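Trainee: I have not worked with this structure before. Please take me through how to read its features, one at a time.

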Amino acid sequence: MKMAIISSQIKISCASLAGFPSMLRSPGHAPQPIVSRHVAVIGAGAAGLVTARELRREGHSVVVFERGDQVGGTWVYTQNVESDPIGVEPTRTRVHSSLYDSLRTNIPREAMGFRDYPFVPKDDPDRDPRRFPGHREVLMYLQDFTREFRIDELVRFETEVVRVRLAEGEEKWKIKSKQRSMGLELELELDEIFDAVVVCNGHFTQPRVAYIPGINDWPGKQMHSHNYRDPEPFRDQVVVLIGNSVSAFDISWELAGVAKEVHIAARTVINGTFGKQPAYDNMWLHPMIKDVCEDGSVNFLDGSIVIANIILHCTGYEYHFPFLETNGIVTVDDNRVGPLYNHIFPPALAPRLSFVGLLWKAIPFPMFELQSKWIGGVLSNRFKLPSQEEMMEDVEAFYSSLETFGTPKRYTHCLGDNLVEYNNWLASQCGCPAFEDWRMQMFLVTIKSKLAHLESYRDEWEAQHLVLQAYEDFIKHTSEQVS
Ligand code: FAD
């Protein structure tokens, strides 16, 4: 089955178009002695796990704070949903993961995995060997990684960081955490001092919701995709889905199987046209919603109208650091976390505060690996950062190039076309081999194939030569490690 592809993926003028000016700057090498620091890592998802590994390898002492009871972050699927389905009520019960039951990866496993720990199929009937496996396989891979490198011994589970603030003449951080005690309601509160903090708390948990004129009087239900698990609650309903991300498409096909009608509201159409989708009996594509009314109608910008039961917001997420107190040095403004030197270090607090994994339209795991290697080396003095003023100039130059290209603030952390350049810059800072060409090619082949066969791209893979190159690399890497 085919449908029109609506995506801003190609049209969005990402941060990438504006470039990363600092990447061309040579770091120089530090004359200072190598030091070991006491570092707090917030979160034990993919970013926190690999950060813990890299920091320990570099000789730092590491504590990973994880509010959940296991590693994996996003990849810990749960049927539970939040008490407010749209995710705006501040006192709602919270759920971290945004995964839906049927989710499969949107990056081939060979390209998705850490460079130093390939995500290859396991010879085990309980595992999912597919090139684009289901979410459980990714969780199991992260569990394997954790076991292999004994990361769990660094993690304090069920321990939420509630406050991070400057301490001791602003040279250190004071962290307040709350630990649930053995499943009891009892909470243990602890204040501790750390030399440095690496924030790895993920950014697919705090829903962003579209503003719709008239919504307060509209009688239907609303939900954010953060709380979507399976299509059953939408059976026989007329659904309006807002958004055009990969998840939005996955969800819309799934809904079409059970819902009475599915109406997708999107900003752009790439392949195909607005209107009824030829491969479906019950799916329509519309421009954005103009407003909604008390009689249940949803009015689109092209004048089309539907009476709907539910609006599903597949409209993305916001960066959210409720625990972080930096006296206004780091802010989140229209989804720009800043100022950050290369999306990692706030110049005024570097290297004692850093962020891993803020960039999107990326290949996350290997990027986390390089970012955390760099952080580890900077913290130990093996790598040198430019001066605070130079970093700030760099950030400002980056922001003004975004402005020149008309890139909205909220795309500041969209890596897009600069994926290779950024990763190669990190690799060069760390003295690592450049980002593998096969990895990037696999990523690009996937994007192309996704645009052509949105519903079946995960089960069709023709670029076998790239898989062979990947495996040659994995074998070479393993034999280098053994010898
Ligand atoms: P998370 O995995 O979100 O982990 C953050 C951790 O921090 C959590 O365990 C959380 O409990 C913990 N935490 C948060 N706040 C606190 C606190 N205050 N105190 C203590 N602990 C805290 N990526 C891919 O590579 N391939 C894909 O196919 C893919 N598909 C995706 C599909 C969906 C629907 C979503 C939402 C994301 C997808 N991603 C995919 C991106 C995915 O999020 C990243 O790959 C990666 O898993 C993010 O890791 P992370 O460690 O940054 O964040």
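Mentor: Start with V63, which is found in strand β2 (residues 61-65). Helices (H or I, at least four residues) and strands (E, at least two) are DSSP runs, numbered from the N terminus. This is a predicted model: local features need pLDDT of at least 70 and side-chain atom pairs count only at pLDDT 80 or more, while totals for chains, interfaces and linings use all residues. Residues are numbered from 1 along each chain as its sequence is written, and side-chain values use heavy atoms, with hydrogens and water left out.

Trainee: Is V63 buried or exposed?

Mentor: Buried means under 20% relative accessible area, exposed over 50%, and partly exposed in between (1.4 Å probe, protein chains only). V63 has 11% relative accessibility, so it counts as buried.

Trainee: Which residues does V63 touch?

Mentor: Contact means heavy atoms within 4.5 Å. Not counting residues up to four places away in sequence, V63 touches H38, V39, A40, V41, L154, R156 and F194.

Trainee: Where is H263, and which side chain does it meet in a polar contact?

Mentor: H263 sits in strand β11 (residues 261-265). A polar contact is a pair of N or O atoms within 3.5 Å; within protein, one must be able to donate a hydrogen and the other to accept it, and residues adjacent in sequence count only if both atoms are side-chain atoms. The side chain of H263 makes such a contact with the side chain of H286, at 2.8 Å. With 3% relative accessibility, H263 counts as buried.

Trainee: Why is β11 largely enclosed by the rest of the structure?

Mentor: Four of the five residues of β11 are buried, so the strand is largely enclosed.

Trainee: How does β11 pair with β10?

Mentor: Two strands pair if DSSP finds at least two bridges between them. Strand β10 (residues 238-242) and β11 pair in the parallel sense over five bridges, and H263 in β11 is the bridge partner of V240.

Trainee: What is the strand order of the open sheet of six strands?

Mentor: The order is β9-β17-β10-β11-β13-β12, with mixed pairing. The edge strands, β9 (221-224) and β12 (275-276), each pair on one side only. β12 and strand β13 (residues 283-286) run antiparallel and are joined by two bridges; in β13, L285 stands opposite G275.

Trainee: What is the order in the open sheet of four strands?

Mentor: The order there is β6-β5-β4-β19, again with mixed pairing. β6 (187-194) and β19 (324-325) stand at the edges with a single partner strand each, so one side of each is left without a neighbour in the sheet. β4 pairs with strand β5 (residues 172-180) in the antiparallel sense over eight bridges, and the bridge partner of T159 in β5 is Q179.

Trainee: Which residues come nearest to the ligand?

Mentor: A residue is near a molecule or strand if one of its heavy atoms lies within 4 Å of it. Of the 31 residues around the ligand, E66, T74, W75, H96 and N106 come nearest. A polar side-chain atom of E66 lies 2.6 Å from an oxygen atom of the ligand. For T74, a backbone N or O atom is 2.8 Å from a ligand oxygen atom.

Trainee: How much of the ligand does the protein bury?

Mentor: Accessible areas come from the Shrake-Rupley method with a 1.4 Å probe; for residues, only the protein chains shown count as cover. Taken alone the ligand exposes 970 Å², and the protein buries 94% of that.
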